[in-house]
Amino acid sequence: MKHYVSMLALLSVLTLAATSTLAMAEENSAHLSGSMEVGASGVDLKDNPARVNEYVKYRSKDDGVNLAPSLNLEYENKGIMLDVESITRGRRDQNHSLDLDYNRIFRLNTDYQVFEHWTEHDNLQHVGATMAGDIAGDQPRVTTDLTAGQIGVPGDNLAVANERYYQELSHDYIITHREWENEADITIPSLPNVTFHAGYRIEEREGTEQARTLSKCNQCHVQANPEDIDEKTKDLTLGVTGKFGLITIDYEYLSRDFSEDGDAPSYNYLSSGASHNGVLDSEQLLYSGSEIYSQTPDTEKDSHTVKARLDASRDSSVTATYVNAEIESDKKGDSSYTLNKNSLKSDLESFFLKGATRIGGLRLSIRGGAYTIDGPKYTANYPELVGSTILDPALGYDTATGNVTYKSAEDRDVTEFGIDGVYRLTTGTTLRLGYEFEEIDRDEDALGDTKTNTFNIAANSRLNKQFSARISYQYQDIDEPLRGANTGILQSAAYQDPAYPGMAYDNTSNYLGDPGNTTGVFYWNSVYPNRMLETSMDPEDVHEIKFSSTWTPASNMAATFFARVRKEENNSVDYKQDSYVPGVSFYYAPNGKMNLTMAYTFSKMKTENQMCVGWYHG
């Protein structure tokens, strides 16, 4: 499939500039200046718009031309300065701002922008497989309700399900973003070294996204539905900055309120009336029937940030930062489970220190710090667990009460350290060396503790007035990257199939006598809890080279050539990914009121990763 975009931008058909001097030639006379442009923008889309027009410019999916005006006004009078900018490239791409300065006592900045984001639409066919004898070719049934109706829903049949399927496939998942941000500073003349800050921000996301869920045997029953999005985030910030000699202290309080008023999708989670060896399949399920899923909880956040900076000299400074934050999300159960609390809380506490100085031709900076995250701990009660005889108590399920205790995988202690040095080799040429260390100590032992060592080297040179170049290399050594613990099935030498190299097998006789295995052996209580290997798509080794060179033959013309090569490997899981991204950009300004920018980027990525699929009769 090919995707390409042809855009006609910056077609200026009319440019108006007005400069007016009001009143006399006095020092404090009023001054008004500005410019207005009236233009047009067009777009031609082929194939998948979400790929080539993800962040919508000009038009969502229809070819055509939009009016694209812009306005800039500046007003100054007796210490009062006002700046207004407005850019519109269609109703889906707008940016408007206002800056006000009243004698440096009161400063206000307000900005409003709107844009659209075309999100991914997955037809789910890439996770499908076909079993022998599956004439219809829809097993597993992963294609958005393409089933023989939802079991237990009156009037639902294959025709109705297919209609939903085709409606979903034709749906456009587009989110409209709107953000209004305001910042104000007040400096009282009697306290010139202290500035008070206040801010208020509203961000809204409206539209639809694709939601996915799984039902009973999840290798087969994968579901997708449109999800209504109606989110609003409100931020209130209050702070103060004080300068006391060599020391600057800054404090900020943030109160954030997030709400989601869109209707979450629902799905009739399938049950099963079948039984195997006298055990009902439905006893494996914690819930079934119509349930809401993909529901985003309302959230409140409060944070306190304190920064202190010591400017010991012109070339030396020390900065310290402390952050304490608490996030609380509404969380309630539904018809299938209940929680022992109505909200979940997470706490973050961090402290970082940074120092910078100059020693001759060497600019040196050192930084380090640590932060701790304490996630929620809670108990969920599943009525369907009570009285179950097919689950192993060692898995953590209390079949007497139905309680399951959860501990957040967010819990961790993180330590970071870094050092950078920039040395001037010659006039216009610098060499940069850097090292970073990060250790993530997770409370959940199964997820492992990750240590990352990062080494950087870069050279930057201006060869002459026309040519400049930069090249950099980065190497990362990552010990125990974040993994999926115990997700690989029978991946050890003891289970290699002698007849099929690379395949693994096990005998059901090895699981006779497990809890619930009275007359047979079942996947959910035998094979599933005995999965042993880790899986991951995070690398253990990373090599990355970047290069860029700029040619400037004239003050109004420049061409830049750039390239990036990145190689990732994780030998523990046979993961490998290679990326190649070369490109070129060109800038030309024939006059002071017109400029032309063109760019081309080529991207190639190749990924190899071992797959482990449990194949069993279900």
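Modeller: Here it is; please bear in mind that the model is predicted.

Biologist: How many bridges join β26 to strand β29?

Modeller: There are 11 bridges between β26 and β29 (residues 541-554), and the two strands run antiparallel. Within this pairing, Ile471 stands opposite Phe547 of β29.

Biologist: And which way do β25 and β26 run?

Modeller: Strand β25 (residues 450-462) and strand β26 (residues 467-479) run antiparallel, joined by 12 bridges. They form a hairpin, with four residues between the two strands.

Biologist: Which residue is the bridge partner of Ser461 in β26?

Modeller: That partner is Ala469.

Biologist: Which strands each supply at least two residues of it?

Modeller: Those are β11 (247-260), β16 (299-310) and β19 (343-359).

Biologist: Where does Phe244 lie?

Modeller: Phe244 lies in strand β10, which spans residues 222-244. Its relative accessible area is 47%, so Phe244 is classed as partly exposed, the range between 20% and 50%.

Biologist: What about Gly245: buried or exposed?

Modeller: Gly245 counts as exposed because its relative accessibility is 76%, and the cut-off is over 50%. Gly245 sits in the loop between β10 and β11.

Biologist: How far apart are Gly245 and Asp311 in space?

Modeller: Their C-alpha atoms are 8.9 Å apart, although 66 residues separate Gly245 and Asp311 in sequence.

Key
Residues numbered from 1 in each chain as written. Predicted model: local features only at pLDDT ≥ 70, side-chain atom pairs only at ≥ 80, totals over all residues. Heavy atoms only, no water. Buried < 20%, exposed > 50% of the residue type's maximum accessible area, 1.4 Å probe, protein only. Pairing = 2+ DSSP bridges.
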